[in-house]
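Colleague: Hey, can you walk me through this one? I'm new to it.

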There are 2 protein chains.
Amino acid sequence: MKLICTQENFKRAIFNTERITGKQITLPILGNILLETEKGRLKLSATNLEVGVVSTIGSKIEEEGKITIPSKLLSNFVTNLPTEDKIILEAKDQILKISSGSYSAQIKGLDAHDFPIIPKLENGFLFSLPAQELKEVMSKILVCISLNETRPELTGVNVLFSDKEISLAATDSFRLAEEVITIDNKEKGDNYAAFIAKTTSIIIPASTFSEILRITSPEANAINIAIEENQIFFEIEGVLIVSRLVNGKYPEYKQIIPQKFNTRAVLKKEDMSRAVKIASAFTSSKSGEITFSINSKNKEVVIKSQSQETGENLTKLPADITGPDQEIVFNPRYVLDGINPIPTAQVAFLVNNNSSPVVIKMVDEKSGNVIEKYTYVAMPIKS
Amino acid sequence: MKLICTQENFKRAIFNTERITGKQITLPILGNILLETEKGRLKLSATNLEVGVVSTIGSKIEEEGKITIPSKLLSNFVTNLPTEDKIILEAKDQILKISSGSYSAQIKGLDAHDFPIIPKLENGFLFSLPAQELKEVMSKILVCISLNETRPELTGVNVLFSDKEISLAATDSFRLAEEVITIDNKEKGDNYAAFIAKTTSIIIPASTFSEILRITSPEANAINIAIEENQIFFEIEGVLIVSRLVNGKYPEYKQIIPQKFNTRAVLKKEDMSRAVKIASAFTSSKSGEITFSINSKNKEVVIKSQSQETGENLTKLPADITGPDQEIVFNPRYVLDGINPIPTAQVAFLVNNNSSPVVIKMVDEKSGNVIEKYTYVAMPIKS
């Protein structure tokens with residue numbers, strides 16, 4: 001293998017792939033990046049056997065070939081280079097020579113033939129989603145992922161497909177976040193209709209989405225998605241991410257989301273976040289309970305907490321309230337996770353009683369109406 | 001106690017004091033901040049029994065008094081408040097009521113009479129130093145602090161006093177950094193001459209300097225310093241830091257710094273830092289050796305490293321060289337610690353032979369001359 005490429009491209013491709021490589025004593029090649037010439041381009045691949053990332057960059061190929069190189073050493077060398085010079089790569093006898101201006105190195109590699117195969121996409125993409133929108137949605141959803149491996153299906157994000165909408169949801173069974181993305185015809189691939197006739201629900205590992213969030217630059221437009229044989233493929237600006245799907249059946253969560261509410265309180269998101277953070281500091285390390293009192297006469301929501309050790313605190317927040325007064329007890333963490341990722345200035349707090357699920361929604365700035373697409377559900381603590 | 005103060009002042013005083021409080025099971029009051037009215041102002045004090053910090057702010061006192069309050073809870077409450085409203089403090093029966101706008105809290109405290117006494121300054125200040133200069137000096141010196149408690153004197157910064165200069169130095173016996181600050185007459189207190197007649201060398205704990213670096217804002221002008229009965233006092237913008245001195249005799253380090261050199265190489269600091277970082281990645285985890293070859297004919301310094309596991313690397317850096325060629329082996333960490341904090345674009349690398357201490361100096365941009373005040377000494381690895 002011999003080729004020339006720009007530092008900018010090479011650095012980006014290393015950035016995209018290196019993070020999923022890791023020290024594996026039983027399989028050291030998983031700490032390496034596979035460099036491979038293909039159709040006049042240089043392809044960098046990495047895998048942890050669950051997720052694989054392939055980043056392809058333009059380069060001037062003088063001799064075809066492939067080699068695998070320890071990702072940490074490669075990254076250390078390349079990211080420290082000054083940016084002006086091109087990079088020359090030359091592989092021979094499992095050694096990669098890299099030179100750039102007055103900097104040069106010879107890195108010992110491992111045989112490319114021993115590198116695990118990353119599944120290839122056989123057919124076209126199923127659909128595409130706006131990259132920045134998916135990023136924003138995931139920042140709201142991923143907080144609800146369960147870390148408990150005894151129910152592996154809850155460690156992933158559930159995706160439900162229909163003709164016009166895709167619903168993404170996560171729950172750890174204490175709270176749930178869901179966002180619905182509408183999908184129009186020009187975003188669908190030729191085989192979308194055939195796919196959803198057979199498959200309406202999949203579960204994607206949360207760690208795969210973390211990788212996608214990291215790789216998606218603020219300039220990325222669309223993410224192309226395909227699903228083939230228990231693998232999901234994402235393509236973002238020339239980078240391909242391949243991940244296994246999570247086996248198992250996701251709970252039928254839609255039926256537990258209340259559709260009608262007795263009381264609705266609309267309040268400023270920043271105020272609420274601040275008051276809950278303060279109240280959280282005053283809860284005892286054991287109980288962690290804060291109380292929301294919705295008082296329609298005073299037009300305020302009072303957030304308070306207390307404990308034997310610390311003392312007590314109380315914050316009064318002005319709110320727009322309809323319906324009867326309520327008093328509900330919460331784990332402050334579950335409230336903060338629902339409101340913190342919200343980009344709107346106001347949030348709606350929708351309540352039936354002190355033992356039913358409470359719903360948090362975004363509020364449209366202009367109309368004052370609730371925005372339907374995002375739903376956060378939290379269970380109160382029964383008092 | 002009852003008083004009103006601004007949030008800005010109160011937040012700053014908490015920021016200055018809270019970090020040295022900590023969870024101490026045997027003495028829980030060390031996790032508290034002492035709030036105390038004094039001469040129409042509010043004084044916040046904290047101590048870990050080695051270092052004490054006292055921050056005094058303006059306030060409208062309605063009733064004198066004092067109380068100690070858990071610092072973490074106080075800080076959590078106050079830093080989360082919106083900034084517009086004043087703060088009202090009221091202490092009664094070991095409980096502090098705090099209110100600010102629609103936010104209020106009652107925090108359980110501990111009796112102020114049980115709070116450890118922080119030594120008071122009896123006489124005037126001995127001398128003052130420019131705050132930003134001391135900050136910059138410390139960023140260069142503190143990297144050489146020893147973490148080995150078997151020689152406690154090396155865990156501190158040595159300060160040598162003379163009529164015109166103050167020398168600050170640190171060494172872990174593998175390398176040494178020293179910077180000399182000139183002190184003019186208007187920076188000296190009345191008792192400076194009498195002090196240095198008796199005392200010419202003290203050792204200040206490195207952790208005290210870390211606290212000073214944190215508290216000194218970019219706007220701070222002068223730091224006033226006093227030394228009384230094995231305690232050192234620093235005053236920065238109304239904040240007083242009191243620290244014990246380290247007992248012990250500091251090594252006579254000045255005599256080991258070479259004054260004459262066979263070879264001098266001047267090179268770009270950024271280039272050198274980059275090349276050493278890269279070389280460092282290629283050293284084996286055990287040895288960590290990199291080689292500097294100074295080649296006067298080629299006008300270059302070649303930095304290289306290799307190991308069985310990784311491979312090898314080589315960087316050629318253009319340099320201005322006088323004197324014979326040299327080849328010296330270093331621990332890359334010791335070179336980086338010497339050059340990274342340097343603000344000048346060029347550094348001088350001063351060598352006698354491959355087994356004598358090497359000196360790194362800053363180089364003046366305009367004249368090209370070595371700047372005398374800063375000296376970094378590193379021992380090569382004998383090869």
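Modeller: Strands (E, at least two residues) and helices (H or I, at least four) are DSSP runs, numbered from the N terminus. This is a predicted model, where local features need pLDDT of at least 70 and side-chain atom pairs count only at pLDDT 80 or more, while totals for chains, interfaces and linings use all residues. Residues are numbered from 1 along each chain as its sequence is written, and chains are lettered from A and ligands numbered from 1 in the order in which they are written.

Colleague: OK, bridges then. In β13(B), what's the bridge partner of B:T171?

Modeller: B:L176 is the partner of B:T171. The strands there are β12 (165-171) and β13 (175-182) of chain B, which run antiparallel and are joined by seven bridges.

Colleague: Which order do the nine strands of that open sheet in chain B have?

Modeller: The order is β14-β11-β12-β13-β26-β25-β24-β18-β22 in chain B, and the pairing is antiparallel. At the edges stand β14 (201-205) and β22 (320-322) of chain B, each pairing on one side only. On average, neighbouring strands in this sheet are turned by 20° against each other, ignoring direction. For angles like that, axes are lines fitted to C-alpha atoms (for helices, over the stretch in contact), and the values run from 0 to 180 degrees between N-to-C directions.

Colleague: Where does helix α7 of chain B pack?

Modeller: On the sheet: α7 (332-339) of chain B touches β13, β24 (346-351), β25 (358-363) and β26 (370-378) of chain B. Its direction makes about 160° with that of β26(B). Touching here means contact, with C-beta atoms, placed from the backbone, within 7 Å. There's also α5 (206-215) of chain B, which lies across β11 (156-161) and β14 of chain B and runs at about 65° to β14(B).

Colleague: And the sheet with eight strands, what order is that in?

Modeller: That open sheet of chain B goes β6-β2-β3-β4-β17-β16-β15-β10, with antiparallel pairing. The strands β6 (66-70) and β10 (127-130) of chain B are at the edges with a single partner strand each, so one side of each has no neighbour in the sheet.

Colleague: How many bridges join β4 to β17 in chain B?

Modeller: Five, between β4 (51-58) and β17 (239-244) of chain B, which run antiparallel. One pair is B:V54 with B:L240 in β17(B). Helix α1 (7-18) of chain B packs on this sheet, touching β2 (32-38), β3 (41-47), β4 and β17 of chain B, at about 175° to the direction of β4(B). Helix α2 (71-79) of chain B packs on the sheet too, touching β2, β3 and β6 of chain B, and its direction makes about 85° with that of β6(B).

Colleague: How do α1(B) and α2(B) cross?

Modeller: Their axes come within 10 Å and cross at roughly 145°. The contact uses B:F10, B:K11, B:I14 and B:E18 from α1(B), and B:S71, B:L74, B:S75, B:V78 and B:T79 from α2(B).

Colleague: Switching topic: how is chain A superposed on chain B?

Modeller: A rotation of 180° with 0.0 Å of shift along its axis does it, at an RMSD of 0.0 Å. The two copies are thus related as by a two-fold rotation axis. In chain A, the C-alpha of A:R214 is the one nearest the axis, 16 Å from it. The superposition is by least squares on C-alpha atoms of residues with pLDDT of at least 70 in both copies.

Colleague: How many residues of chain A are in contact with chain B?

Modeller: 26 residues of chain A, in contact with 26 of chain B. On the chain A side, the elements giving two or more residues are α2 (71-79), β9 (103-108), α6 (269-282) and β21 (311-318). The largest share, seven residues, comes from β21(A).

Colleague: What does β21(A) pair with?

Modeller: With strand β9 (103-108) of chain B, in the antiparallel sense over five bridges. There, A:E312 stands opposite B:Q106 in β9(B).

Technical notes
Two strands pair if DSSP finds at least two bridges between them. Two residues are in contact if their C-beta atoms, placed from the backbone, lie within 7 Å.
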